[in-house]
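Dear colleague,

Please find below the structure that I am handing over to you, with its sequence. My notes on what was found in it follow directly after.

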Amino acid sequence: MSAHCMLTGTQPGFGNRISHSHRRTPRRFDPNIQSKRYWLPSEGRHVRLRLSTRGIKTVDTIGIEAAVARIRARGVRI
C-alpha cells in the first residue's frame, strides 16, 4: 500500500537531497503512517485504519465514530 493517511489524506511530498557539493538528487518525504485498530461500537466490530500520527491525534480528539464518518465521506471503503 502507498504511504497515504485514510483520515487526513496526507501523501508523500517530493523534493531534492542536496549534497555537500550542492548536487541535487530526487527524494521523497513519506508521512509517518501507522496501522491502528479501533473498536467501532456502532457496528460492534474492530476496524483497522492506516493513519498518520496527526490522524491518530485527530481520532483521539473527535472520536472514532466521527473519524469513520469523515473517512467514509471521502469515499474510502472501510
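I begin with Ala67, which, once its neighbours within four places in sequence are left aside, is in contact with Leu7, Val59 and Ile62, contact meaning heavy atoms within 4.5 Å. Ala67 belongs to helix α2, where helices (H or I, at least four residues) and strands (E, at least two) are DSSP runs numbered from the N terminus. With a relative accessibility of 0%, Ala67 counts as buried; the term buried stands for under 20% relative accessible area, exposed for over 50%, and partly exposed for what lies in between, with a 1.4 Å probe and protein chains only. Ala67 and Ile56 are 11 residues apart in sequence, and their C-alpha atoms are 9.7 Å apart in space.

Please keep in mind that this is a predicted model, in which local features need pLDDT of at least 70 and side-chain atom pairs count only at pLDDT 80 or more, while totals for chains, interfaces and linings use all residues. Residues are numbered from 1 along each chain as its sequence is written, and side-chain values use heavy atoms, with hydrogens and water left out. The average pLDDT of the protein is 96, and 99% of the residues score at least 70, pLDDT being the predictor's confidence in each residue, from 0 to 100. Among the elements of the protein, the lowest mean pLDDT (96) belongs to helix α2 (residues 64-73), and the highest (98) to strand β1 (residues 13-18).

On the strands, β3 (residues 33-40) and β4 (residues 45-52) run antiparallel and are joined by eight bridges; strands are taken to pair if DSSP finds at least two bridges between them. At one place in this pairing Ile33 stands opposite Ser52 in β4, and at another Leu40 has Arg45 of β4 as its bridge partner. The two strands form a hairpin with four residues between them, and Gly44 in the turn has a positive phi of about 65°. A positive phi also occurs at His22, a residue other than glycine, with a value near 75°, and His22 is placed in the loop between β1 and β2 (24-29). As background, most residues other than glycine have a negative phi.

Arg37, in strand β3, is partly exposed at 48% relative accessibility; beyond its neighbours within four places in sequence, Arg37 is in contact with His46, Val47 and Arg48, and its C-alpha atom is separated by 6.2 Å from that of Leu49, 12 residues apart along the chain.

Thr53 is placed in helix α1 (residues 53-62) and is partly exposed, its relative accessible area being 33%. Leaving aside neighbours within four places in sequence, Thr53 is in contact with Asn32 and Gln34, while 15 Å separate its C-alpha atom from that of Ile64, 11 residues apart along the chain.

The largest nonpolar core has 16 residues, and those with the most contacts inside it are Leu7, Tyr38, Leu49, Leu51, Val59 and Ile64. Each of β3, β4, α1 and α2 supplies at least two residues of this core, and the largest share, four residues, comes from α2. Such a core is a set of buried Ala, Val, Leu, Ile, Met, Phe, Trp, Tyr and Cys residues joined through side-chain atoms within 4.5 Å. Leu51 has contacts beyond four places in sequence that include Cys5, Met6, Leu7, Tyr38, Ile56 and Val59.

Finally, on the rings, Arg27 lies over the face of Phe29, at 3.7 Å from the ring centre, and Lys36 lies over the face of Tyr38, at 5.3 Å from the ring centre. A charge is taken to sit over a ring if NZ of Lys or CZ of Arg is within 6 Å of the ring centre and within 35 degrees of the ring normal.

With kind regards
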